[in-house]
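The sequence and the coordinates are shown below.

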Amino acid sequence: MSLALEPFETGAPAAVRHFWESRAIATSRQQASGHADHGERAGVTAGKNMDGFIDMFAALARANGMTHAQVYTQRAAVTLPGYYRATKNWDLLMFNGRRLLAAIELKSQVGPSFGNNFNNRAEEAIGTAHDFWTAFREGAYGVDQPRPFVGWVMLVEDTWASREPVQRVDAPHFDVRPEFRGTSYLERYEILCRRLMMENLYTCAAVITSSRDAGADGGYSHVSQATSLRTFATTFASYAAAEATRPTEE
């Protein structure tokens, strides 16, 4: 059976447009109110920038047979228990009855500062996955359950600051691994995504890049095919199609 990827084909550009438009609207509103956040933070604090991607993945699941599944995207319904912490909010959860099918996390980073923010995003992604799988092992999502699809998607602004090789690496006691030397932050995100999948922390992880100008038309790109949004969407659609053959669980 062929996969239905039309929700991705049309939804991805729309999601990128929504990302940039919602950032611009949030910034304008805060400036008009006289209580704008400093720098780029004004475009972040609205918290709705990645909603287009959430809608796209929900539509992709339904288009590939998950019509009987419960897909949750509202903030009040996307909380899961953790192991090292009480709870964790995801961006999308999918269930078949009581069985957890999928959990997806969506993040973004816009310049001009990428250094500290990259490390924070990496630590969040790694920590979230370890917390999730430990809770899964301990039966927090049911006993003897199949492994769910766990995904992580990162949108990074395409700008000189994200593409330029990082010249300064402070590690006075030991050598930095060679694959990180002379790499840009976009390349480091690509390495992160590949290793998140290699270590089975996420079923699929993707990094996409979009400039402010191209983003207005929904333009985006990828760093590698292995960590592209298309690969992520295809993997998720395949998972949804396979799960669609299972009976509805109570």
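Asn49 lies in the loop between helix H1 (6-33) and helix H2 (51-63); helices (H or I, at least four residues) and strands (E, at least two) are DSSP runs, numbered from the N terminus. The model is predicted, so local features need pLDDT of at least 70 and side-chain atom pairs count only at pLDDT 80 or more, whereas totals for chains, interfaces and linings use all residues. Residues are numbered from 1 along each chain as its sequence is written, and side-chain values use heavy atoms, with hydrogens and water left out.

Asn49 counts as buried because its relative accessibility is 5%; buried means under 20% relative accessible area, exposed over 50%, and partly exposed in between (1.4 Å probe, protein chains only). The side chains of Asn49 and Ser22 are joined by a polar contact of 2.9 Å. Such a contact is a pair of N or O atoms within 3.5 Å; within protein, one must be able to donate a hydrogen and the other to accept it, and residues adjacent in sequence count only if both atoms are side-chain atoms. Ala24, in helix H1, counts as partly exposed because its relative accessibility is 42%. Ala24 and Asn49 are 25 residues apart along the chain, and 9.9 Å separates their C-alpha atoms.

## The sheet

Six strands form an open sheet in the order E1-E4-E5-E6-E7-E8, with mixed pairing; two strands pair if DSSP finds at least two bridges between them. Strand E1 (70-72) and strand E8 (221-222) are the edge strands, each pairing on one side only.

E1 pairs with E4 in the antiparallel sense over three bridges, and Gln70 stands opposite Phe95 in E4. In strand E4 (residues 92-96), five of five residues are buried: Leu92, Met94 and Asn96 on one side, and Leu93 and Phe95 on the other. E4 also pairs with E5 in the antiparallel sense, over five bridges, and the bridge partner of Asn96 in E5 is Arg99. These two strands, E4 and E5, form a hairpin with two residues between them, where Gly97 in the turn has a positive phi of about 65°. By contrast, strand E5 (residues 99-109) and strand E6 (residues 149-157) run parallel and are joined by eight bridges; Leu106 has Val153 in E6 as its bridge partner.

In soluble globular proteins, nonpolar side chains tend to be buried together. The largest nonpolar core here has 71 residues, and those with the most contacts inside it are Phe53, Phe57, Leu80, Met94, Trp152, Leu229 and Phe236. H3 gives the most to this core, with eight residues. A nonpolar core is a set of buried Ala, Val, Leu, Ile, Met, Phe, Trp, Tyr and Cys residues joined through side-chain atoms within 4.5 Å.

## Pocket and cavity

On a 1 Å grid over the protein atoms alone, a cavity is a set of points where a 1.4 Å probe fits but cannot get out, and a pocket is an open set with protein on both sides within 12 Å along at least five of seven lines; lining residues have an atom within 4 Å of a point. Grid points are joined across faces, edges and corners, and a volume is the space filled by probe spheres set on the points.

The second largest pocket has a volume of about 480 Å³. Its lining has 21 residues, of which Phe118, Asn119, Ala122, Phe180 and Arg188 lie nearest the centre. Helix H3 (115-137) and helix H5 (185-198) are the elements that give two or more residues to this lining, and H3 provides the largest share, seven residues. The largest cavity has a volume of about 30 Å³, and H3 gives three residues to its lining, the largest share. Strand E2 (79-81) and H3 each supply at least two residues there.

## Backbone features

Gly111 and Pro112 are joined by a cis peptide bond, with omega about 15°; Pro112 is in the loop between E5 and H3. Asp144, in the loop between H3 and E6, is not a glycine but has a positive phi of about 55°. Asp144 is exposed, with a relative accessible area of 77%.
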